[in-house]
Amino acid sequence: MILETKMKPASVLSLALFAAMGCAIVACNRNQDVKTDSKITLKSYSQIPALIKKLDGFENLEVYPLISSEDKLPESPDYVFGGTADGSGTIKNPNGDGFIMMVNNEDNYALSKITLDRNFKPVKGEYALNSDAGQWRLCSGTMATREEHGFGPYYLCVGESSAEAQTHKIDPLATGVQSSTATAGLGHWSGENAVPLNRNAYPGKTVVIMGEDDDTETGGQVVLYQSNTVGDLDNGSQYMLRRTDGEQNEMTMKPGSVYDVEFVKIENHKTLTGAQIQALVNPLRAIKFGRVEDLDYRKGDAAKARELYFNVTGQDYKDANADHSRTKYGRVYRLVLDAGNPLKGKLECILDGDDKSGPAKTFQNPDNICVTSNYVYIQEDANTYGDETHDAYIYQYDIATKALKKVFELDHRRGDANFMATATKGNWEYGALVDLSDIIGIPNTFSLCIQPHTWKKSPAFQNPDKGTKRPNENQGSQVVLIKGLPR
């Protein structure tokens, strides 16, 4: 997100457990059969209790705090896990018998690399990007691998907070702070996530879907990058999503109706600044969404991989949205791409938070998203309009039945002065929900990033990455494991 104290989303796909380069996750897994011979026994390794509450119908879920900003890791005692944990991706370490987890520390403009042992215990932390290398607020991210996407492993770490922001291409196997990682081919956007589609969706191509969190006159865009070379993130073309009838007003699309859409080319996009790209939104008749947040695709066969879901978080009815042309409380969309041409598709709003008689009537600004074979998991980040009624939920949307259920609510620990939580509802948020099932061999197991924005400690949490751009940033954050969540 683009508010100073409340920024996002992402997400992540996983791979087969015994793949040559190790397993990986990018928002969620492909949901194939999970091997159950794992020797890992899930445990709580953080000294901070999990900052979420299980809701009705999900009491049997097991939750284990994995790492928080209070914890000291044995192989890096000086490392401090940064605040606002958001995008994340994990691989099995091909150089050993453990795992590597990448986590965006959004408001630090930094990226953590966590090394875990064979028992999935965090043992070492370091920064792959500090604020000087990160340059922008870092929201969601996607781990690209050969097994899932045909190239990698690379962690695509998406910059926000400026129209000139870019996506970083990070080597998860490298050590130390990486530099010159911005990818010119993916253009300049105030981005949320950059999600390469499964390699079987369009064989021989690289297709990347991006979301833009922009609240100005031009609105947020859904963006597609396409190259006819697998793994090429530099020399392809980039496009914006528009309706074939040229209508740009988001709210003219009604839930339950399906709209013909296409991606229109941004000519010479690599030579354009972010401001110049924004100036093309109206001439190209692109849809002006109320801040596009995280995106993910359905797991399974090639057809499912062309079925995408994305959240639009919403804008208050003022400034660029004074005409009510964009959602206020948030929407979830389904985008089904044409089997023969990724530049054409069908778009449908499946959940509408502005419809106060509908199933999503309790929405408080959906942000991160995780899509499995059977479910869409939707995570809230209230935009602090002042009318919030609950702390942020995670919802489960059943693709087959369209049932919407509440799974978790953030636990602000208002009785614990350590977290300095206020009486205001909804001022904490989630980061990435990531399906770990295949990588660790334990079915229905996910990681979840949590951003407890009021949890601040100076100097303990201050400037953990030692960069110069965010020297006073001092928020804490947490990653938890969830066992038993259906996929």
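1. Cys449 and its strand. In β27, the bridge partner of C449 is V479. The two strands concerned, β26 (residues 445-451) and β27 (residues 478-483), pair in the antiparallel sense over six bridges. Strands here are DSSP E runs of at least two residues, helices are H or I runs of at least four, and both are numbered from the N terminus. Two strands count as paired if DSSP finds at least two bridges between them.

2. Basis of the model. This is a predicted model, in which local features need pLDDT of at least 70 and side-chain atom pairs count only at pLDDT 80 or more, while totals for chains, interfaces and linings use all residues. Residues are numbered from 1 along each chain as its sequence is written, and side-chain values use heavy atoms, with hydrogens and water left out.

3. Confidence. The average pLDDT (the predictor's confidence in each residue, from 0 to 100) is 92 for the protein, and 92% of the residues score at least 70. Residues 1-36 have a pLDDT below 50, although this stretch has 213 contacts in the model beyond near neighbours in sequence. A contact means heavy atoms within 4.5 Å.

4. Overall composition. The protein has five helices and 27 strands. Its C-alpha trace spans about 60 × 50 × 45 Å along the principal axes. Of the 487 residues, 65% are buried; buried means under 20% relative accessible area, exposed over 50%, and partly exposed in between, with a 1.4 Å probe and protein chains only. The accessible surface comes to about 16,100 Å², and carbon and sulfur atoms account for 46% of that area. Areas were computed by the Shrake-Rupley method with a 1.4 Å probe, and for residues only the protein chains shown count as cover.

5. The open sheet. Strands β26 and β27 belong to an open sheet of four strands in the order β4-β27-β26-β25, with antiparallel pairing. At its edges are β4 and β25 (429-435), each of which pairs on one side only. From one strand to the next the twist averages 25°, where axes are lines fitted to C-alpha atoms (for helices over the stretch in contact) and angles run from 0 to 180 degrees between N-to-C directions.

6. Nonpolar cores. The largest nonpolar core has 29 residues, and those with the most contacts inside it are L197, V222, F263, F289, F310 and L347. Elements giving two or more residues to this core include β13 (206-212), β16 (258-265) and β20 (344-352). A second, separate core of 28 residues includes Y375, I450, F461 and I482. A nonpolar core is a set of buried Ala, Val, Leu, Ile, Met, Phe, Trp, Tyr and Cys residues joined through side-chain atoms within 4.5 Å.

7. Surroundings of L347. Residues up to four places away in sequence are not counted here; among the residues that L347 touches are L241, V258, V261, I287, F289, F310 and L335. The list also includes S257 and R334.

8. Strand β9. Eight of the eight residues of β9 (residues 137-144) are buried, so this strand is largely enclosed by the rest of the structure. Strand β9 pairs with β10 (residues 154-160) in the antiparallel sense over six bridges. Within that pairing, M143 has Y155 of β10 as its bridge partner.

9. Cis peptide bonds. Most residues other than glycine have a negative phi, and most peptide bonds are trans. A cis peptide bond joins G152 and P153, with omega about 10°; P153 lies in the loop between α2 (146-149) and β10. The bond from S458 to P459 is also cis, with omega near 5°, and P459 lies in the loop between β26 and β27.

10. Positive phi values. T84 has a phi near 45° and is found in the loop between β4 and β5 (85-92). T84 is buried, because its relative accessible area is 1%. M420 has a phi near 50° and sits in the loop between β24 (404-410) and β25. With a relative accessible area of 42%, M420 is partly exposed.

11. Two further loop residues. N60 lies in the loop between β3 (52-54) and β4 (62-68) and counts as exposed, at 76% relative accessibility. N60 and G484 are 424 residues apart in sequence and 7.4 Å apart in space, C-alpha to C-alpha. S325, in the loop between β18 and β19, counts as buried at 10% relative accessibility. Leaving aside neighbours within four places in sequence, S325 is in contact with N249, E250, M251 and A320.
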